[in-house]
Amino acid sequence: MEGLRKEEGKLWRVLEFYSGIGGMRYSLMMAGVDAEVVEAFDINDVANDVYEHNFGHRPHQGNIQTLSAIDLDRYKADVWLLSPPCQPYTRQGLQKGSGDARASSFLKILELIPQSSRPPLMLFVENVVGFETSDTHEKMIAMLRENHFDTQEFILSPLQFGVPYSRPRYFCLAKQKHLSFQNVEFNNELLRTPDPLLGYDKIMNTGKIVEAHEYLDKLLETCRPIKEFLELETSSSKVISDSGVMPSNVSEVSKDSEEGSNQYVVPSSLVERWGSAMDIVFPESRRCCCFTKSYFRYVKGTGSLLATVPGKMKDKTSSLLELRLRYFSPREVANLHSFPADFQFPQDVSLRQSYALLGNSLSVGVVAPLLRYLFTHHST
């Protein structure tokens, strides 16, 4: 078995497509892989601002479809990491698959593999659940098979890694056949368990069990509480937790502690109108819903809202207004995505832009162990 090092004194050379705010690069760092990102590519100007702010390098900005095999050969890259647009495959979308214009750049990149004089040794693809049943997936697998790649596919959620965040995503790990996977028995399989990443050579949980209520209940027992991912602790929750008495009005709450969190308070008009459709969680909860790029713009179906009172007060409130709901802050959403503590948004990036960029990003806590597994191989 060979570990995460390419050769003594040499780094894996990586290309990062659809780089966004750097989730894939952070995952590579967390995985402990001896690698260097030789170039990143993204068309979004604001995402590139955030990437440059955190990594000191601005991704190549432009349409990925304009890249040629000759362009990519110049980078002498060993690995391609890709997180292409998910809109063609989402349940809320039209599900046009490869017929959607937003899928064309990804298909163009796949077409460059056989044209390249230096095709990648490994690929990693992330997308939404639903991609695995699309015609784009069918074309991707066919292209990889034709070019002598083995694949192992996963559908995994942060919940399976102890993070109280329900965000299931599809992942494809591909490597040329001479770089054998650590567990070859899972080649050409779609798994819904992280067992191979944890060193198991047998599947402990089948896909059906993963979806079962008893499996979910067991997962939630292993997840850390949401309060460990929060940065804002309102004084109202402090008062309640200390005395067990809910403040009768906002004036009883310290103004100093509210100044930083007032912008996240859910307006009462929205609570009254959409309260029944909101996903409400408490600091003690061990699960919250996926945050989409529309979080903070809309309250229905875009992510969980946080009750700033302890869960023990849930049955003692007569209305949702008494739960003092607020949005998770961008830093808290980043925490649930397992982004490192030193990740920051530039000051000129707006709150809505921050949420949108995070909604389009990925879970570092899931991708890192997948990359660690991808880069660990047997040479044959």
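**Calling the terms by their cut-offs**

Reader: Why is Glu-36 called partly exposed?
Author: Its relative accessibility is 32%. Buried means under 20% relative accessible area, exposed means over 50%, and partly exposed is in between (1.4 Å probe, protein chains only). So Glu-36 counts as partly exposed.

Reader: What kind of model is this, and how are residues numbered?
Author: It is a predicted model, in which local features need pLDDT of at least 70, side-chain atom pairs count only at pLDDT 80 or more, and totals for chains, interfaces and linings use all residues. Residues are numbered from 1 along each chain as its sequence is written, and side-chain values use heavy atoms, with hydrogens and water left out.

Reader: What makes Arg-13 and Glu-36 a salt bridge?
Author: Their closest N and O atoms are 3.5 Å apart. The term asks for a side-chain nitrogen of Lys or Arg within 4 Å of a carboxyl oxygen of Asp or Glu, so the pair qualifies. Arg-13 sits in strand β1 and Glu-36 in strand β2, 23 residues apart, so the pair links distant parts of the chain. Strands (E, at least two residues) and helices (H or I, at least four) are DSSP runs, numbered from the N terminus. Arg-13 is partly exposed, at 26%.

Reader: How many salt bridges does the structure hold?
Author: It holds 8. One of them joins Asp-45 to Arg-58, with the closest N and O atoms 2.7 Å apart. Asp-45 lies in helix α2 and Arg-58 in the loop between α2 and α3, so the pair ties together parts 13 residues apart in sequence. Asp-45, Asp-49, Glu-52 and Arg-58 are linked in a network of salt bridges. Arg-224 and Glu-228 also meet, at 2.8 Å, N to O.

Reader: Why are β2 and β9 said to stand at the edges?
Author: The open sheet of 7 strands runs β2-β1-β3-β4-β7-β5-β9, with mixed pairing. β2 and β9 each have a single partner strand, so one side of each is left without a neighbour in the sheet. Two strands pair if DSSP finds at least two bridges between them.

Reader: How do you know that β3 and β4 pair?
Author: They are joined by 4 bridges and run parallel. The partner of Leu-82 in β4 is Val-125. Helix α5 packs on this sheet, touching β4, β5 and β7.

Reader: What makes Met-122 buried?
Author: Its relative accessible area is 0%. That is under the 20% limit, so Met-122 is buried. Met-122 lies in strand β4. Leaving aside neighbours within four places in sequence, its contacts (heavy atoms within 4.5 Å) include Trp-12, Trp-80, Phe-149 and Phe-375.

Reader: Is Cys-86 buried, partly exposed or exposed?
Author: Its relative accessible area is 24%. That value falls between the limits, so Cys-86 is partly exposed. Cys-86 is in the loop between β3 and α4. Not counting residues up to four places away in sequence, Cys-86 touches Asn-127 and Val-128.

Reader: Which annotation covers Cys-86?
Author: The unreviewed UniProt entry marks Cys-86 as "active site". UniProt positions are given in the numbering used here, feature names are shortened, and annotations may be inferred rather than shown by experiment.

Key. Axes are lines fitted to C-alpha atoms, for helices over the stretch in contact, and angles run from 0 to 180 degrees between N-to-C directions.
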